[in-house]
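Colleague: Hi! I'm new to this one. Could you walk me through it?
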Amino acid sequence: MDKKSFKKLLEERILVFDGAMGTMLQRAGLRSGECPEAYNLKHPDGIRKIHQQYAEAGCDVLQTNTFGANPIKLAQYGLEKETASINQYAVWIAKEASDGRCLVAGDMCPSGKLMLPMGDMHFREAYRAYYEQAKALAKAGADLIHIETMSDIQEAKAAVIAAKDASDLPVICSMTYDKNLRTLAGSDP
């Protein structure tokens, strides 16, 4: 979907996204310590079934099972070299499950590392990780990129810039705030 068509769709209606993938994966047998995103390669039928349930429930946007599928997060499982394939399979599974009923959002999340000065991750490292993920999601045919649950404004900035550099897809970015209306890194809305 091009930017003009996406903008027209947004002007015409409110889009309803699917629900939590992690909860559904746990119900399907995901055990503590397992990589949820590896299910795209190991259990594609299970992922497809979850997407189909959300599509049948009436959602407008299916989010790919790629919440933690950036190379930094995947390195925790020794899967960083599978970044492209995990993300691409996730898009293909969601597209197939959608059967044209829903848009498919390439889902991206925090890296799990802290940005400088709170941590040791440089902006460029975050950018490269998000660029690799966004490029794979776009190449596989995602309709948009959804960067979610961000808690550091600098990491969110790296993700948004990387996603925009990797493709011409529409990008949505959301932040997470505590009860004091601050992110983990201290940013206010």
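Modeller: Happy to! Let's begin with P117, which is found in the loop between β2 and α7 (helices, H or I of at least four residues, and strands, E of at least two, are DSSP runs numbered from the N terminus). A cis peptide bond joins L116 and P117, with omega at about 5°. This is a predicted model, where local features need pLDDT of at least 70 and side-chain atom pairs count only at pLDDT 80 or more, while totals for chains, interfaces and linings use all residues. Residues are numbered from 1 along each chain as its sequence is written, and side-chain values use heavy atoms, with hydrogens and water left out.

Colleague: Thanks! Which residue has a positive phi although it is not a glycine?
Modeller: That's D99, with a phi of about 55°. D99 sits in the loop between α6 (83-98) and β2. Most residues other than glycine have a negative phi, and most peptide bonds are trans.

Colleague: Switching to the sheet, what is the order of its strands?
Modeller: The sheet is open, with four strands in the order β1-β2-β3-β4 and parallel pairing (two strands pair if DSSP finds at least two bridges between them). β1 (61-63) and β4 (171-175) are at the edges with a single partner strand each, so one side of each has no neighbour in the sheet.

Colleague: And how many bridges link β1 and β2?
Modeller: Three, in the parallel sense, with β2 covering residues 103-108. L62 stands opposite V104 in β2.

Colleague: Which helix packs on the sheet?
Modeller: Helix α7 (residues 123-140) does, touching β2 and β3 (144-150) (contact means heavy atoms within 4.5 Å). The direction of α7 makes about 165° with that of β2 (axes are lines fitted to C-alpha atoms, for helices over the stretch in contact, and angles run from 0 to 180 degrees between N-to-C directions).

Colleague: New topic: how many salt bridges are there?
Modeller: The count is five, where a salt bridge is a side-chain nitrogen of Lys or Arg within 4 Å of a carboxyl oxygen of Asp or Glu. One of them joins the side chains of R48 and D45, at 2.5 Å from N to O.

Colleague: Where do R48 and D45 lie?
Modeller: Both are in helix α4 (residues 44-57), three residues apart, which is about one turn of the helix.
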